[in-house]
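The terms are given with their cut-offs where they come up.

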Amino acid sequence: MTQILIEEPPPPPPPMISVDIAGVLLQFSKTFVIVFPVYVLGYLGLSFSWVLIGLLVFFWWRRNRGNKRSRLFRALAFLEHEEKTLQENIQSTDLPAWVHFPDVERVEWLNKTVKQMWPYICQFVEKLLKETIEPAVRGANSHLSTFNFTKVHMGNKPLRIDGVKTYTENIDSRQIILDLQI
């Protein structure tokens, strides 16, 4: 009888100890950052109170950074729910008419024109009141014979026109009816 011996391969060597090099370096750098300032202060002959002052500054900085992060997270949360929040807080009466009605036009160009003309409009209204309205009121009643405008000031901020609606149906062809929302 012949015997055949089959040799088994030798068992693999035991696995080497795995070391997380990045974790070790991170831990070493954290320890170095903490210990090195203490060593430098001792080498320079300075007091330990400088370490405490440094720690106070560090913790103050982290606290403020945390507040900044919380504000950022609140702003991002608001942006996610912005449409719902706006619908809850803004009532439809607060919006200008051109948002609700398609026949009302937005007239920013007219607001810019009024803004440039505002000082001259104020002068015109003052002249109109003093030269036309004042004499008419004096002549209307004898009790108002001393009526006069002492000061006419319409302010520095011009009026704002939010929308204009033009009526074109059921009117005379020589008429233009504008509905200004001031």
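1. Basis. This is a predicted model, in which local features need pLDDT of at least 70 and side-chain atom pairs count only at pLDDT 80 or more, while totals for chains, interfaces and linings use all residues. Residues are numbered from 1 along each chain as its sequence is written, and side-chain values use heavy atoms, with hydrogens and water left out.

2. Fold. The protein chain has five helices and three strands, in the order α-α-α-α-β-α-β-β from the N terminus. Helices (H or I, at least four residues) and strands (E, at least two) are DSSP runs, numbered from the N terminus. Of the 182 residues, 8% count as buried. Here buried means under 20% relative accessible area, exposed over 50%, and partly exposed in between (1.4 Å probe, protein chains only).

3. Largest pocket. Its volume is about 370 Å³. A pocket is defined on a 1 Å grid over the protein atoms alone, as an open set of points where a 1.4 Å probe fits, with protein on both sides within 12 Å along at least five of seven lines; lining residues have an atom within 4 Å of a point. Grid points are joined across faces, edges and corners, and the volume is the space filled by probe spheres set on the points.

4. Pocket lining. The lining consists of Lys30, Val33, Ile34, Pro37, Val38, Leu41, Val51, Gly54, Leu55, Phe58 and Phe59. By class, the lining divides into nine nonpolar residues, one polar and one charged. In this scheme Ala, Val, Leu, Ile, Met, Phe, Trp, Tyr, Cys and Pro count as nonpolar, Asp, Glu, Lys and Arg as charged, and the others, Gly among them, as polar.

5. Nonpolar patch. Phe28, Phe32, Val33, Phe36, Tyr39, Tyr43, Leu44, Leu46, Trp50, Ile53 and Val57 make a nonpolar surface patch of about 1,200 Å². Helix 1 and helix 2 are the elements that give two or more residues to the patch, and helix 1 gives the most, with seven. One member, phenylalanine 28, lies in helix 1 and is exposed at a relative accessible area of 56%. Patch residues have over 30% relative accessible area and no salt bridge, and nonpolar side chains (Val, Leu, Ile, Met, Phe, Trp, Tyr) are joined within 5 Å. Areas come from the Shrake-Rupley method with a 1.4 Å probe, and for residues only the protein chains shown count as cover.

6. The structure holds five salt bridges, each being a side-chain nitrogen of Lys or Arg within 4 Å of a carboxyl oxygen of Asp or Glu. Side chains of opposite charge can pair when their charged atoms come close. Glutamate 108, partly exposed at 28% relative accessibility, pairs with arginine 106, where the closest N and O atoms are 4.0 Å apart. Glutamate 108 also bridges to arginine 160, with a closest N to O separation of 2.6 Å. Arginine 160 is partly exposed, at 45%.

7. Glutamate 134 and arginine 138 meet at 3.0 Å, N to O. The two are separated by about one helical turn, because they are four residues apart in helix 5. Glutamate 134 is buried at 10% relative accessible area, whereas arginine 138 is partly exposed at 33%. Elsewhere, shared partners join Arg106, Glu108 and Arg160 into one salt-bridge network.

8. Exposed lysines. Lysine 112 lies in helix 5 and is exposed, at 58%. Its C-alpha is 9.2 Å from that of arginine 160, 48 residues apart in sequence. Lysine 151, in the loop between helix 5 and strand 2, is exposed at 70%. Lysine 151 and lysine 130 are 21 residues apart in sequence and 9.7 Å apart in space, C-alpha to C-alpha.

9. Which residue has a positive phi although it is not a glycine? Asparagine 170 does, at about 60°. Most residues other than glycine have a negative phi. Asparagine 170 is in the loop between strand 2 and strand 3 (177-181) and is exposed, with a relative accessible area of 80%.

Conventions:
Patches are made of residues with over 30% relative accessible area and no salt bridge: like charges are joined within 9 Å, nonpolar side chains (Val, Leu, Ile, Met, Phe, Trp, Tyr) within 5 Å.
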